[in-house]
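Biologist: I am new to this structure. Can we go through how its parts get their labels?

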Amino acid sequence: MPISFTPVTLASSVEDQIALINNSLNSEYENPPAKVIYLTGSAEAAVGTATTLGSSVNPSTFGQLVTFTATVSPTSGTTVPTGTVQFSEDGSAAGSPVTLSGGQATYATSVLSAGTHSISAVYTPASGTAFTTSSATALSQVVSQIVPTITWPTPAAIPYGTALSATQLNATANTGGTFVYTPAAGTVLAPGSQTLSVTFTPTDNLDYTTATASVSISVNAPLPTATPTISLASGTYDTSQSVTISDATAGAVIYYAINGTPTTSSPMYSGPITVSSTETLEAIALASGDSVSRRLRPATPIQCRQPPAPASGRG
């Protein structure tokens, strides 16, 4: 008859005894004799373990992947422990127990909020092994706030007099929040290269810091306004008159017409004009960069009339 023997406790040596009774002898003996068998043997002694815990990067920043590694080692001998490790974050279990592989277990996360977190690991030996449970000293993982990423394309140049709007003030960020621009919307900038600035305040101010950004914008100078001046006032003159036309705007081109409306197809003024009969002189000027439809400036017309001849026969 096979006999199974399991020691009650793990120790360097064990011994016990069992009694076997043959009940078939009851017909001959009122109290059948028992056969006592003494068993002796040895069992594997319990093996202590030590668990250590490390971080792949400490301190880390919000959103950064961090891997925690628990290493379980025997305190005696060279047999590599087997079993599982339960990781915890700030006292709460982080996922399910992780099975040891080569005496190590890992836990990776990228969702730790900014601040200091207590990470722990507890080793539980596999069933039927002689290893003891052990816990790692808690690790303090520091997670720093992250600076938001602001995207702000350089605005196109604007003509002088254009008020700032969402067309220019259009920064975005990789997290929710509010933007405060300097100068503010509605501001009319002076001509030249100007700087636009923004301060971004994130809604999640636990994990993100405030951030600033700036861009440059070109404000085109106002177009020059060309206004021609005719040297002779309108009136009646007894003799032919020499008329000049000028414009104070640098580079202005003057066009004139006699008894008509001047256009850029009219004669270009290049010197004094002689008026010797009843005529109307009118001029326009166009400065460099002007739009004809916007910048034509007619001068005040003049009329130069010859006096009437004396009546014949009067003494």
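Biologist: Which residue stands opposite Thr195 in β18?

Modeller: Ser216 does. This is a predicted model. The two strands here are β17, residues 192-202, and β18, residues 211-220.

Biologist: What makes β17 and β18 a pair?

Modeller: Count the bridges. Two strands pair if there are at least two bridges between them. β17 and β18 have nine, in the antiparallel sense. They therefore count as a pair.

Biologist: How do you know that β14 and β18 pair?

Modeller: Again by bridges. β14 and β18 share two, and the sense is parallel. The cut-off is at least two, so the pair qualifies.

Biologist: Take Tyr181. Why is Tyr181 called buried?

Modeller: Tyr181 is in strand β16. Its relative accessible area is 17%. Buried means under 20%, so Tyr181 is buried.

Biologist: What does Tyr181 touch, leaving out residues up to four places away in sequence?

Modeller: Trp152, Leu169, Asn170, Ala171, Ser197 and Val198. As for Thr212, it is 31 residues from Tyr181 in sequence and 9.8 Å away in space, C-alpha to C-alpha.

Biologist: Now Leu53. Is Leu53 buried or exposed, and how do you know?

Modeller: Its relative accessibility is 16%. The limit is under 20%, so Leu53 counts as buried. Leu53 lies in strand β3, residues 49-55.

Biologist: Which residues does Leu53 touch beyond four places in sequence?

Modeller: Among them are Phe68, Thr69, Ala70, Phe87, Ile119 and Leu139. Thr69 is 16 residues from Leu53 in sequence, with 5.7 Å between their C-alpha atoms.

Biologist: How much of the protein chain counts as buried?

Modeller: Of its 315 residues, 29%. The chain has one helix and 26 strands. Its accessible surface is about 18,300 Å², and carbon and sulfur atoms hold 52% of that.

Biologist: What share of contacts joins residues at least 24 apart?

Modeller: The share is 57%, among contacts between residues at least 6 apart in sequence.

Biologist: How many cavities of 30 Å³ or more does the structure hold?

Modeller: One. The largest cavity has about 30 Å³ of space. What makes such a space a cavity is that a 1.4 Å probe fits but cannot get out.

Biologist: Which residues line the largest cavity?

Modeller: Ser60, Thr61, Gly63, Gln64, Val66, Thr109, Ser110, Val111, Leu112 and Val143.

Biologist: What makes up that lining by class?

Modeller: Four nonpolar residues, six polar and no charged ones. Val and Leu count as nonpolar, so Val66 and Leu112 are on the nonpolar side. Charged means Asp, Glu, Lys or Arg, and the lining has no charged residues.

Note on methods: Residues are numbered from 1 along each chain as its sequence is written. This is a predicted model: local features need pLDDT of at least 70, side-chain atom pairs count only at pLDDT 80 or more; totals for chains, interfaces and linings use all residues. Side-chain values use heavy atoms; hydrogens and water are left out. On a 1 Å grid over the protein atoms alone, a cavity is a set of points where a 1.4 Å probe fits but cannot get out, and a pocket is an open set with protein on both sides within 12 Å along at least five of seven lines; lining residues have an atom within 4 Å of a point. Grid points are joined across faces, edges and corners, and a volume is the space filled by probe spheres set on the points. Helices (H or I, at least four residues) and strands (E, at least two) are DSSP runs, numbered from the N terminus. Buried means under 20% relative accessible area, exposed over 50%, partly exposed in between (1.4 Å probe, protein chains only). Contact means heavy atoms within 4.5 Å. Accessible areas come from the Shrake-Rupley method with a 1.4 Å probe; for residues, only the protein chains shown count as cover.
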